[in-house]
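The entries below follow the order in which I looked things up.

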Amino acid sequence: MTVLIAIALTLVLVGGAVVVFTGDVQRQAVSLSLYGLLMTLLFVLLSAPDVALSQVVVGTAIVPLMVMLTIRKIKGNR
């Protein structure tokens, strides 16, 4: 189990770097969603199902959706 947690932590580290260094805002929103899935996996491995469920709802679905809708709204006003 410790090896799985180490792998998940490494994936979260790489995923965070991908989100930060992505230049296009739309691609960054998608990578943020994938980062949320990686965080969910880490929380499940750490035996925190309630936090994992919250992460799935907020970090994987709602936040990237709000970012994409905001981008669409801003581009529509130009």
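**Entry 1: H2 against H3.** I began with the contact of H2 with H3 in this predicted model. On the H2 side I listed Val 25, Gln 26, Ala 29, Leu 32, Ser 33, Gly 36, Leu 37, Met 39, Thr 40, Phe 43 and Val 44. They meet residues of H3, among them Val 51, Ala 52, Gln 55, Val 56, Gly 59 and Thr 60. Further along H3, I noted that the contact includes Val 63, Pro 64, Val 67, Met 68, Ile 71 and Lys 75. Sorted by class, the residues of this contact are 15 nonpolar, 7 polar and 1 charged.

I then looked up the geometry of the pair. The angle between H2 and H3 is about 175°, and their axes lie 8 Å apart.

Entry 2: Which residue in the loop between H2 and helix H3 (49–76) did I look up? I looked up Ser 47, which is found in that loop. The phi of Ser 47 is near 60°, a positive value in a residue other than glycine.

**Entry 3: H1 against H2.** Next I turned to helix H1 (residues 2–21) and helix H2 (residues 25–45), which pack at an angle of about 160° with axes 9 Å apart. I therefore recorded H1 and H2, too, as roughly antiparallel to each other. Their crossing is left-handed.

In the contact, H1 contributes residues including Leu 4, Ile 5, Ala 8, Leu 9, Leu 11 and Val 12. Gly 15, Gly 16, Val 18, Val 19 and Val 20 of H1 also take part. From H2 I listed Gln 28, Ser 31, Leu 32, Tyr 35, Leu 38, Met 39, Leu 42 and Leu 45. By class, this contact has 15 nonpolar, 4 polar and no charged residues.

**Entry 4: the nonpolar core.** Finally, I asked which residues make up the largest nonpolar core. I found 8: Ile 5, Ala 8, Val 12, Met 39, Leu 42, Phe 43, Leu 45 and Ala 52. H1 and H2 are the elements that give two or more residues to this core. The largest share, 4 residues, comes from H2. Within this set I followed Ala 8, which touches Leu 42 and Leu 45 when residues up to four places away in sequence are not counted.

Definitions and conventions. Residues numbered from 1 in each chain as written. Predicted model: local features only at pLDDT ≥ 70, side-chain atom pairs only at ≥ 80, totals over all residues. Heavy atoms only, no water. Axes fitted to C-alpha atoms, helices over the stretch in contact; angles between N-to-C directions. Parallel < 35°, antiparallel > 145°, perpendicular 65-115°, else oblique. Left-handed = near helix turned anticlockwise from the far one by under 90°. Contact = heavy atoms within 4.5 Å. Nonpolar A, V, L, I, M, F, W, Y, C, P; charged D, E, K, R; others polar. Core = buried A, V, L, I, M, F, W, Y, C linked by side-chain atoms within 4.5 Å. Buried < 20%, exposed > 50% of the residue type's maximum accessible area, 1.4 Å probe, protein only.
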